[in-house]
Amino acid sequence: MTRLLLCAVTLLLLALPGATRAQDSFTSLDTNTGEVTPGIAQPPCGTKPVAIARMQWPSAAILAEIHARILKAQYDCDVKLVPGDLAATAASMGSTQQPAIAPEMWVLRISETWNAGVKAQKLRQAAPTYDAGLFEGWFIPDYVAAANPQVTSAASLKENAQIFSHNGARPRFISCPPDWACSIINRNMLKANGLDGLFDIVEPGNRFEMDTLIAQAVSSKEPVVFYYWQPNAVLSQFSFKPLDMGPYDRDAFACLARRVCDDPKPTAYAPDSVVIAAAEWVFTDTPVIASYLQRATLPIGEMNAMLAALSEPGATEADIAARFVAEKGDIWHAWMGTGPAGE
């Protein structure tokens with residue numbers, strides 16, 4: 001009778017509000033002595049630190065800072081940020097399962113290392129990092145798009161090339177520096193779309209000159225076509241419209257990437273695979289955290305905006321991450337399954 005009463009008390013205590021949360025205390029019954037004793041539930045992250053790779057480039061550093069804050073505050077995780085590098089981090093995760101998380105892993109750039117780690121069942125993809133798969137393309141300013149709604153694609157540029165003439169000069173296409181691979185691809189893309197004789201190709205000497213040329217064109221309301229990529233601050237600082245590059249053709253793109261492409265054909269840029277990478281033990285030992293990571297895809301426009309904010313005087317990746325957590329709860333609550341997407 002006494003033992004039945006003690007079991008009833010235990011069940012009542014477990015039914016109290018908050019008793020099922022992993023971070024809270026719980027009550028257990030010693031079946032040998034019949035005594036009710038307090039205990040502490042294991043937190044969602046388990047008992048060992050969760051290392052997050054803080055890569056060298058700004059977008060990945062911001063993401064690492066964001067996830068570190070959320071995992072610590074919302075899941076009571078013991079989080080530490082560790083320096084990361086694309087190839088070295090993938091190799092380490094694929095052999096030692098450390099660090100536990102890499103929020104921005106560009107898989108196709110280290111495909112051999114990544115595939116080896118996945119095959120060894122040491123790491124895997126949790127979710128796409130961004131809600132986009134195409135990160136490179138051609139753009140026009142919004143004022144050009146608004147005045148010329150028929151210009152929506154790379155193919156439409158041929159019949160509308162005169163729109164991009166400025167002060168009687170030939171239309172300009174602002175490409176990337178000549179020592180970047182995209183400069184070859186863009187030249188071949190222009191040929192593929194019948195534009196090589198209609199546009200002057202401008203290849204700036206470096207990234208700074210490239211951004212300056214685009215900014216100058218926009219400030220003077222010049223009609224211009226340019227190449228760019230994301231996530232990137234420039235695409236948030238100014239209002240641009242991407243051009244439809246058509247469907248992606250793997251063989252056609254392979255030809256465009258060669259310095260000599262005898263028969264260039266139109267194609268979109270190759271899609272890229274950017275994922276949140278997690279060690280296998282995250283899925284097996286901490287399923288709550290794995291579920292969070294599997295929902296943690298960020299709208300790429302949000303990252304473009306954060307990178308633009310990073311250009312503010314004195315701003316740091318940690319500052320931008322803290323601002324995101326404070327102001328964008330509608331996004332990250334959905335990652336936890338408690339926001340609009342998780343209701």
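This is a predicted model: local features need pLDDT of at least 70, side-chain atom pairs count only at pLDDT 80 or more; totals for chains, interfaces and linings use all residues.
Trainee: Where does Pro231 sit in the chain?
Mentor: Start with the flanking elements. Strand β10 covers 225-229 and helix α8 covers 234-237. Pro231 is placed in the loop between β10 and α8.

Trainee: Is Pro231 buried or exposed?
Mentor: Its relative accessibility is 10%. Buried means under 20%. Pro231 therefore counts as buried.

Trainee: How many disulfides does the structure hold, and how are the bonded cysteines paired?
Mentor: A disulfide is a covalent bond between the sulfur atoms of two cysteines. The structure holds three disulfides. With the bonded cysteines numbered in sequence order, the pairing is 1-2, 3-4, 5-6.

Trainee: What is the handedness of the link of Cys45 and Cys77?
Mentor: Both Cys45 and Cys77 are buried. The angle about their S-S bond is 65 degrees. The link is right-handed.

Trainee: What is the torsion about the S-S bond of Cys176 and Cys182?
Mentor: The sulfur atoms of Cys176 and Cys182 are 2.1 Å apart, and the two residues form a disulfide. This disulfide is right-handed. The torsion is about 140 degrees.

Trainee: What are the relative accessibilities of Cys176 and Cys182?
Mentor: Take each residue in turn. Cys176 counts as buried, at 0%. Cys182 is buried too, at 8%.

Trainee: What is the handedness of the disulfide of Cys255 and Cys261?
Mentor: The sulfur atoms of Cys255 and Cys261 are 1.9 Å apart in this disulfide. Both residues are buried. The torsion about the S-S bond is about 110 degrees, so the disulfide is right-handed.

Trainee: How are helices α13 and α14 oriented to each other?
Mentor: Helix α13 covers residues 317-327 and helix α14 covers residues 329-336. Their axes are 6 Å apart, at an angle of about 80 degrees. Angles of 65 to 115 degrees count as roughly perpendicular. So α13 and α14 are roughly perpendicular.

Trainee: What classes of residue make the contact of α13 with α14?
Mentor: Helix α13 brings Phe324, Val325 and Glu327. Helix α14 brings Gly329, Asp330, Ile331, Trp332 and Trp335. By class, the contact has five nonpolar, one polar and two charged residues.

Trainee: How many salt bridges are there?
Mentor: The cut-off is 4 Å from a side-chain nitrogen of Lys or Arg to a carboxyl oxygen of Asp or Glu. By this rule the count is twelve.

Trainee: Which parts does the salt bridge of Glu65 and Arg54 tie together?
Mentor: The side chains meet at 3.0 Å, N to O. Glu65 is buried at 10% relative accessibility, whereas Arg54 is partly exposed at 26%. The two are eleven residues apart in sequence, so the pair ties together helix α2 and strand β3.

Trainee: How far apart in sequence are Arg170 and Asp200?
Mentor: Their salt bridge has its closest N and O atoms 2.8 Å apart. Arg170 lies in the loop between α5 (142-147) and β8 (172-174), and Asp200 in strand β9. Both are partly exposed, Arg170 at 42% and Asp200 at 32%. The separation is 30 residues.

Trainee: What separates the closest N and O atoms of Asp263 and Lys265?
Mentor: Asp263 is partly exposed, at 48% relative accessible area. Lys265 is partly exposed, at 43%. Their salt bridge has a closest N and O distance of 2.3 Å.

How values were computed: Residues are numbered from 1 along each chain as its sequence is written. Side-chain values use heavy atoms; hydrogens and water are left out. Helices (H or I, at least four residues) and strands (E, at least two) are DSSP runs, numbered from the N terminus. Buried means under 20% relative accessible area, exposed over 50%, partly exposed in between (1.4 Å probe, protein chains only). A disulfide is a pair of cysteine sulfur atoms within 2.5 Å. Axes are lines fitted to C-alpha atoms, for helices over the stretch in contact, and angles run from 0 to 180 degrees between N-to-C directions. Angles under 35 degrees count as roughly parallel, over 145 as roughly antiparallel, 65 to 115 as roughly perpendicular and the rest as oblique. Contact means heavy atoms within 4.5 Å. Ala, Val, Leu, Ile, Met, Phe, Trp, Tyr, Cys and Pro count as nonpolar, Asp, Glu, Lys and Arg as charged, and the others, Gly among them, as polar.
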